[in-house]
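Hi,

Here is the structure you asked about. Please open it next to this email and follow along.

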Amino acid sequence: MNPKVRQRLRAAGRDRSGIGATSTSSSSTATAGGGDDCNSNDLLSLFECPVCFDYVLPPILQCPSGHFVCVSCRSKLNSCPICRGPLANIRNLAMEKVALNIRFPCKYSNCGCTKVMIVADKPTHEKTCEYRPYPCPCPGSACKWQGSLDLVMQHLMMSHQSITTLHGEDIIFLATDINLPGAVDWIMMQSCFEQQFMLVLDKREKFDGHQQFFAVVQFIGTQKESENFTYRLELNGNTRRLTWEATPHSIHDGFKSAIENCDCLVFDTSIADLFAERGNLAINVTISLKEKS
């Protein structure tokens, strides 16, 4: 281990017995990861990646001089960013043991998250953290934008100007040329209750040779806020009716999860033809506020 690292670890252990490298008590663990004590911050700073400043978590690999970087940055480097020496696959077992006995803040702490947790809990929490960046809600993989919730609508207006917005609680979403070959999607915005909703009709081949349509409503907001609303999608025509009613998905989850779980209105091309007129499909969309119990 790097002598400087060893010296700092010993200093932390002397100044506060509850923050020693071998401490396993729950109270000292919480202090090490989340307290205001300068020694707690010093201990966490030992795990900062010198490239991205995220935390280096087990497995911790060091160069021959004892320097280490996070796994993400390590895969992009050809030499140690500190000493410019070769990268090596030397496990730093002592630092790994320390890491397992302290609590780390969420990677989105600078966005407002106050959670601190053990290493094993970080991946699960950060995958669903309510403070994580919002992705562009448009279907497809072309747009890689991410940002805070208050910038989502600004992004849509500047980068996706072709999307039409209709106002009102009850509108008609008209998808034209639904018989176009290949994967196609239709998008429209709906504004009501001083909120914004995105309507997506996605046509794709989910099973071999079998094309399906997936219709879903996304809420431009948090999952908690989305639970205040319900939406209803309805196809009408030739004395037939097909209806789907559900809670809108937050754009944090994205429409992909709704499609993968079939938590949306799903129908195949033969059903679409029953309701289409001259290759165009009209979907009645109604947004409602849930009644408070």
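R91 is partly exposed, because its relative accessibility is 46%. This is a predicted model, so keep that in mind as you read. R91 pairs with E96 in a salt bridge, and their closest N and O atoms are 2.6 Å apart. E96 has 8% relative accessibility, so E96 counts as buried.

The whole structure holds six salt bridges. E234 meets R232 at 3.7 Å, N to O. E234 also meets R241, at 3.8 Å, N to O. These shared partners join R232, E234 and R241 into one network. R232 is partly exposed at 30%. R241 is exposed, with a relative accessible area of 62%.

Now look at K203, in strand β10 (residues 195–207). K203 is buried but has no salt bridge. Which side chain of opposite charge is nearest to K203? It is D273, 8.1 Å away. The K203 side chain does reach the backbone oxygen of L180, at 2.7 Å. Beyond its sequence neighbours within four places, K203 has contacts that include I178, W186 and F213.

Last, find S250 in strand β14 (residues 249–250). S250 counts as buried because its relative accessibility is 0%. Leaving aside neighbours within four places in sequence, S250 touches several residues, among them Y134, F219 and S226. S250 and V217 are 33 residues apart in sequence, yet 8.9 Å apart in space, C-alpha to C-alpha.

Best wishes

Notes. Residues numbered from 1 in each chain as written. Predicted model: local features only at pLDDT ≥ 70, side-chain atom pairs only at ≥ 80, totals over all residues. Heavy atoms only, no water. Helix = DSSP H or I, 4+ residues; strand = E, 2+ residues; numbered from the N terminus. Buried < 20%, exposed > 50% of the residue type's maximum accessible area, 1.4 Å probe, protein only. Contact = heavy atoms within 4.5 Å. Lys, Arg positive; Asp, Glu negative; His and termini not counted. Salt bridge = Lys/Arg side-chain N within 4 Å of Asp/Glu carboxyl O. Polar contact = N/O pair within 3.5 Å; in protein donor to acceptor, adjacent residues only side chain to side chain.
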